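Dear colleague,

Please find the structure we discussed below. A summary of the findings comes after it.

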Amino acid sequence: MKSIEAHFKVATPCFVGSSNNNAEVRVSSIKGALRFWWRALAWAQCAGEGGARDTVRRIREREHALFGSSDAGQSKVAMRLDMKAMPEIVEKGKVLPVGPGARYLGYGVAFGSKKTGTKPGQLIRPCLAAPFPFSLRIAARDARALSDIAPALRLLGLVGGVGARARKGYGSLVLTSLEGDGITGWRPPRDIETYCGHLSSLLKGVEAIGREPEISVFSACARVDLMSENARTPAEVLDEYGKAMVRYRSWGRNGRILDGEPSKCRFREDHAWMKSEQAADDFHPRRAVFGLPHNYGKNIDVKPDQHDRRASPLFFHVHEIGARYAGIALLLRSRFLPEGEKIRARGKAVPAKPDWGVLTTFLDENRTRGLWPDG
């Protein structure tokens with residue numbers, strides 16, 4: 001039996017738990033995140049003859065063979081979680097001491113609002129306080145299975161997270177050590193340049209995938225940006241990114257946002273549509289590209305016509321580099337909704353017209369520098 005062992009640090013509060021709403025890290029949660037990042041790397045490996053549907057089929061077949069499914073049978077790898085020490089649980093109703101930007105990133109899932117009668121930072125579900133470490137041991141009879149899963153393991157520890165609001169930076173996982181069969185010379189990045197080197201080595205060849213892919217994967221349409229660096233705490237990174245998001249997206253109340261800052265009042269068409277009782281037959285808010293559903297107020301929602309949600313293509317990750325923390329943004333551009341599916345906006349099904357410039361403008365205006373592909 002061959003094996004590798006990965007040691008992680010959870011850098012930010014983690015909203016992960018079991019079906020009875022207890023906060024705990026489980027193998028199934030880690031495995032689900034690992035499958036996502038394995039899939040994100042697989043498009044470049046599986047693209048070949050045939051169209052996009054053939055590529056998706058090949059990815060699905062390889063994923064099921066590696067991780068297991070009802071059709072393919074048992075997984076080729078066995079995973080065991082070692083928590084070392086149990087992390088502190090912050091119970092529902094307690095106040096998590098984070099700023100307004102960090103609260104914005106967790107709104108609706110982690111934190112309530114004034115309308116729900118909760119205090120600033122008061123939790124509406126329990127979480128695991130960060131930081132805390134854990135180890136994941138992956139064993140397989142076939143060494144090829146380990147070599148197949150190892151890149152996804154490294155990617156998970158560079159840009160990924162676990163739990164609710166993982167795409168907003170909560171539950172960010174930092175890979176601190178990787179050892180075992182087939183692993184030689186891996187060290188955690190000591191600075192941003194080393195971080196770029198780790199990322200680039202994992203993404204070799206994906207630039208050749210020029211077409212917009214069907215699913216959320218790395219391709220020439222993707223990008224990774226450094227949003228902040230040298231922060232003293234993970235909470236500081238979350239808060240600054242969340243504030244940048246509010247400044248970019250929010251109209252505010254009476255022209256004010258956050259602690260009284262004047263709003264830039266972007267997305268005037270979206271705001272006018274929300275205020276008008278007349279819904280256009282072909283309009284949906286430009287901010288829909290941030291992900292769906294999007295609540296614009298009482299009885300005013302924007303969602304996929306045939307699905308419950310479309311997860312955000314924009315990811316945020318907090319990474320520990322040395323004794324400081326950096327904010328990493330990742331855009332995985334892909335087909336926004338299945339071909340032909342519309343967006344239901346204020347009760348009307350309208351053609352989906354995702355404006356990717358909304359996301360790229362946000363990144364361009366707020367990043368410190370590009371990390372990939374121009375890092």
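Predicted model: local features only at pLDDT ≥ 70, side-chain atom pairs only at ≥ 80, totals over all residues.

Residues are numbered from 1 along each chain as its sequence is written, and side-chain values use heavy atoms, without hydrogens and water.

The radius of gyration, taken over C-alpha atoms, is 21 Å; a compact globule of 375 residues would have a value near 21 Å, so the two agree. Along the principal axes, the C-alpha atoms fill a box of roughly 65 × 50 × 40 Å. The globule rule applied here is 2.2 Å times the number of residues to the power 0.38.

Of the 375 residues, 50% count as buried, meaning under 20% relative accessible area with a 1.4 Å probe, protein chains only. Where contacts (heavy atoms within 4.5 Å) join residues at least 6 apart in sequence, 72% of them link residues at least 24 apart.

The secondary structure comprises eight helices and 16 strands, which are DSSP runs of at least four residues (H or I) and at least two residues (E), respectively. Two strands pair if DSSP finds at least two bridges between them. Strand β1 (residues 2-10) pairs with strand β5 (residues 132-140) in the antiparallel sense over nine bridges, with S3 bridged to A139 of β5. β1 also pairs in the antiparallel sense with strand β6 (residues 173-180), over seven bridges; there, V10 stands opposite L173.

With kind regards
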